[in-house]
Amino acid sequence: MSGACALAADERLAAYDFGPDHPFQAGRLAAGMSLLRAAGVLDDDDLLAFEPAADADLELVHDRDYLDALTRFSAPGAAAADPAEAARWGLVGDNRPFPGMAEAARLVAGATTAALDAVAGGALAHVFAPVAGLHHAQRRRAVGFCVVNDVAVAIARCTTAWPLRVLYVDLDAHHGDGVQAAFYDDPRVCTVSLHETGRYLFPGSGEVHELGRPPGVGRSVNLPLEPRTGDDGFLAAFDAVVEPLAAAFRPDVLVTQNGCDGHADDPLSDLDLSLRGLRALARRLHRLAHRHCQGRWVATGGGGYDLDRVVPRAWALLWAELSGRRLPARMTADWLESRRRQRRRAAAPGSREREERNQRTVRAVRRLVLPPAVRVVYPLAGRDGGAGRLPAWEPRAGEHLAPGGPLVLRDRSPASLLRRLEVDPGIHAFVREAAQEREVLARIAEEPNGEVVVAHTPEGVVVGYVAVLDPEPGTRFASLPGLLEVGAVEVAAGWRRGGVAGALLRFAVEPDPFEDLILIASGLAWHWDLEQSGLSATAYRRVLRRVFEVAGFEALETDEPEIAYHPANLFVARVGSRVPPARRAAFTSRLVRGGHREVR
Ligand SMILES: [Zn+2]
Ligand SMILES: [Zn+2]
């Protein structure tokens, strides 16, 4: 279901115009709006009123002297009179100033800000701002046709005025570098950018290891894709990362940059998307908004430079999706037809290698930004049921006397039992509702290689759990036989500091079969909720380490890049007493990259 929707654009935005010989020109707006009207899916009633953005909002993202420079260089002839000064602010070449530039940019930011205000305040469910998503603009510099970073301004205002958590998804062919930079250390804003790899395309950034700075580590996510990636590869990357990330991050609002310059016909990128793919992406975003953001969604138009065949159609498909309007069937069928040509091209040589590279990227990103338990609940498409590595033993029950009262510890709990228990509202590792959290536990228990150990009150309320999992294929230790991963240790907020986590872990590894196994856990601060703990990085690491040591784990040195990435990160392992020496040696050799050796 879609609630009330609006489109934030009118002819005033045609003023954002670098001229007829420039890819970003007034013709984009005219072409897009006229098609929407011709298709009968846009009325005057659909338009959201907006004014130029206020100084106070712009200054959340841009420096005052930069904004002053924009005004100065908006006067005709100003840049020609002082080219060195104009260049200092990036106002040269592709970003050459045009008369009225500052006011036009301010208007774009006003449209996006009004859109997000309306959605955050609950007046509207979804808003589409087609001439918006100027995602490259930096704090003190115009970059890539982007003078003011309207999306960053709107998000900054939203997180200041409402304190909402924002998930920003950027589908433009180019990396959303300016938005990422604006919130690089902000834990309330999670930015995800899918783009053609910066090895070949402007702006050159957007690598996998650009993860953010404390306290926002893990909240900057990048999926750099190979040139010529088509619908299938792009959608696979989206599915593998974006929705599970939303589940883990628990956003209040979704803001998207739906640049269509990844279309095969676009002159400025080498991606190979079709309108069918762009429509499929819009559908996924819409579903994600309703599943994870209570329906709140602002979409911006972003880039896209084929003004005849691509931009108007992409906007129409996006607006139709967001507003629930139906485009004339003939029209849509005709547009989607062009997919056929592409299929033939997709079989070009090199496609296999491209696919493999993209898969490696996707796996690396999942490992970095998705907690292991989230990966189990949102598995990679095509993953088989696993090798059945978890040995069998009879279900057990134990006890732990916590300061909050007695607890029952239980392993091998079947999904049917977990679904009958309640979940303490203080547990919310990666979903909003306690009832959903229970479903997550049940789904892990249903996995052939997932094991959930719970601590619940005598009344049947789960206050803590440990998940033991098979590592995801493609990770460093995944191919080592007899190795499992502790994917989650969680205790409800009101039950912490009572030894529950240590008791649960100790109970979890007690059964005799664990003496034949190696257990590992990667404590990545952003997976394990350092943000909520109120502890310093070193104190947090100490607590985590103590919890694991109680259960017989030891902290080990490794060159896994993500362990070194943050001072709170920790790698621990427990090698069972009956693990054969050769396997133990193989495990040790894997702690350092390049030391691999396949051993059975
Ligand atoms: Zn909707
Ligand atoms: Zn772009």
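A residue is counted as buried when its relative accessible area is under 20%, as exposed when that area is over 50%, and as partly exposed in between, with a 1.4 Å probe and protein chains only. Because its relative accessibility is 1%, Asp172 counts as buried, and Asp261, at 0%, likewise counts as buried. The structure is a predicted model in which local features need pLDDT of at least 70 and side-chain atom pairs count only at pLDDT 80 or more, whereas totals for chains, interfaces and linings use all residues. Residues are numbered from 1 along each chain as its sequence is written, chains are lettered from A and ligands numbered from 1 in the order in which they are written, and side-chain values use heavy atoms, with hydrogens and water left out.

The two aspartates belong to the site of the zinc ion (ligand 2), which is coordinated by Asp172 (OD), His174 (ND1) and Asp261 (OD) at 1.9 to 2.1 Å; donors are N, O and S atoms within 2.8 Å of the metal (3.2 Å for Na, K and Ca), and sites may look incomplete because water is not among the atoms. The donor residues follow the sequence spacing D-x1-H-x86-D. Helices (H or I, at least four residues) and strands (E, at least two) are DSSP runs numbered from the N terminus, and the protein contains 22 helices and 16 strands.

Of the 600 residues of the protein, 61% count as buried. At least three core residues come from each of domain 1 (5-369) and domain 2 (382-591), with bounds taken from an automatic or database domain assignment. When residues up to four places away in sequence are not counted, Phe548 touches Val486, Val489, Leu505, Ala521, Trp528, Phe553 and Val572, contact meaning heavy atoms within 4.5 Å.

Along its principal axes, the C-alpha trace of the protein spans about 80 × 55 × 50 Å.
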